[in-house]
Amino acid sequence: MADAPEFMDRMLSLGLARVSEAAAIACADLIGRGDEKRADQAAVNAMRNQLNMLDIRGTVVIGEGERDEAPMLYIGEEVGTGSGPEVDIALDPLEGTTLTAKDMPNALTVIAMAPRHTLLHAPDVYMDKLAIGPGFRRGVVTLDMAPAERVSALAAAKGCSITDITVCVLERPRHEEMIAEIRSTGAAIRLITDGDVAGVMHCAEPQKTGIDMYMGSGGAPEGVLAAAALKCMGGQMFGKLLFRNDDERGRAKKAGITNLDRVYTRDDLVTGDVIFAATGVTDGSLVPGIRREPGYVTAETILMRSKSGSIRRMTYRNPVK
C-alpha cells in the first residue's frame, strides 16, 4: 500500500491564506449593513470556492453545522480537488456575523487545516474554556480553580499585581457571577459581545492586546479553532464540554466522544501539526479590517504554522473591477 501523502503544511499555508482572504473580501460590502445572513452566506460561498481549488482531500470537521442544517461547508463535507494529502478542516467563514452587520470590532474569517484525524470533532454544544499565553509552567491555572484563584495564580506567575491582570470574557447573562468574582479581586475585565476565537487568541499577545487570560463558556467548535491558533502562537488552553440535556450528550456520542467529563488541553483538541489563517473583516486588536480605497480593497491576514512556529502578517491589495 502506498504511503499517504505528506501534509505539506508549508506549501498549503499560502493557499489557506487565500481561502481566508477570499471570504473576508466577499462580505466587505455587507459590513455595517445590518444583514447577518447575507454576510455569512457571502463568506461561506467564497471560502468553499477557494477550498475546492486546493490540491487536498479535505473533510470539514468543524463547519457550518450538520448536513441537514447547512447546504455548504457542513460537517463531513469533502472539499478540495481530491488529490494530495488527506486533511481535517475547521472553519468559521465569518466569526462575528453580528459584529460585521453592526460594523463592530474583531470580526474575522477563520480557518485551520491539519492532517486527517488530528482535529477534535467537537459537537455543537457549549465548552467551558480557559486560556493564557506562552511562557508559563504547565498547570499554573486550571479549570478546577475558581475564577478568583486563576487570576491570583496568574498574577503570581507573572510577578505582577492582580490589578495588572486583564481577563477577556464573553458578555452573556450566564457569566454574571464569574464576572463579579473576577472584579472582586481587583482584576480588569474586557467584555466582548461575540467572537471568542479572537478572544482566546488575544491571550497569546498580551503586550499587544492587553489581555492576559480568557475564561468562560462558548461554542465547542470555536474552541477547536482557538486551540489551533494557540498551538501556533503559543499558550495554554483547557476546555470541558458542557451539556444541557440528553440531546446534546447524544451529539457528543455521535461525534465519537465517550468520556463526557474529560478536560481537554490544547494538544488534545489539536493533536498534530496545524496551519491557521484569519483575515480581519472589521478592525480589531489582532488584525485590521477590510479597507476600501479608489479601485482597491485591502485585507490583512495572520497566517501561522505550528510546526515552525512562524507567524506571518500578510497584506493583500486586490483591484476592484
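Which exposed residues does the face of helix 5 turned away from its buried side carry? They are Glu176, Glu177 and Ser184. The legends below refer to a predicted model.

View 1. Helix 5 spans residues 176-184, and its buried residues are Met178, Ile179 and Ile182. These buried residues line one face of the helix, because they fall within an arc of 100° when seen down the helix axis. Glu176, Glu177 and Ser184 are exposed on the face turned away from the buried side. The packing partners of the buried residues are helix 4 (147-158), strand 6 (166-170), strand 7 (188-192) and strand 8 (213-219). After helix 5 comes glycine 186, which has a positive phi, near 100°.

View 2. An unreviewed UniProt entry places the feature "binding site" at Glu95, Gly96, Thr97, Tyr126, Arg172, Pro173, Arg174, Asp194, Gly195, Asp196 and Gly219. From this set, Glu95, Gly96, Thr97, Tyr126, Arg172, Arg174, Asp194, Gly195, Asp196 and Gly219 belong to the lining of the largest pocket.

**View 3. Threonine 97 in helix 3.** Threonine 97 is part of helix 3, which covers residues 97-101. The residue is partly exposed, its relative accessible area being 22%. Glu36 and Asp40 are in contact with threonine 97 when neighbours within four places in sequence are left aside. Threonine 97 is among the positions that the UniProt entry includes in the "binding site" feature.

**View 4. Aspartate 194 and its polar contact with arginine 172.** Aspartate 194 is located in the loop between strand 7 and helix 6 (196-202). With a relative accessible area of 23%, aspartate 194 is partly exposed. Its side chain forms a polar contact with the side chain of arginine 172 at 3.4 Å. Not counting residues up to four places away in sequence, aspartate 194 touches Thr98, Leu99, Leu170 and Arg172. Both Arg172 and Asp194 occur among the pocket-lining residues of the annotated set.

**View 5. Alanine 228 in helix 8.** Helix 8 comprises residues 220-233 and contains alanine 228. Alanine 228 has a relative accessible area of 1% and is therefore buried, the limit for this class being under 20%. Residues touched by alanine 228, not counting those up to four places away in sequence, are Ala112, Val270, Val274 and Phe276. A separation of 29 Å lies between the C-alpha atoms of alanine 228 and glutamate 177, which are 51 residues apart along the chain. Glutamate 177 is one of the exposed residues of helix 5 shown in View 1.

Definitions and conventions
Residues are numbered from 1 along each chain as its sequence is written. This is a predicted model: local features need pLDDT of at least 70, side-chain atom pairs count only at pLDDT 80 or more; totals for chains, interfaces and linings use all residues. Side-chain values use heavy atoms; hydrogens and water are left out. Buried means under 20% relative accessible area, exposed over 50%, partly exposed in between (1.4 Å probe, protein chains only). Helices (H or I, at least four residues) and strands (E, at least two) are DSSP runs, numbered from the N terminus. The arc is that of the directions from the helix axis to the C-beta atoms. Contact means heavy atoms within 4.5 Å. UniProt positions are given in the numbering used here, feature names are shortened, and annotations may be inferred rather than shown by experiment. On a 1 Å grid over the protein atoms alone, a cavity is a set of points where a 1.4 Å probe fits but cannot get out, and a pocket is an open set with protein on both sides within 12 Å along at least five of seven lines; lining residues have an atom within 4 Å of a point. A polar contact is a pair of N or O atoms within 3.5 Å; within protein, one must be able to donate a hydrogen and the other to accept it, and residues adjacent in sequence count only if both atoms are side-chain atoms.
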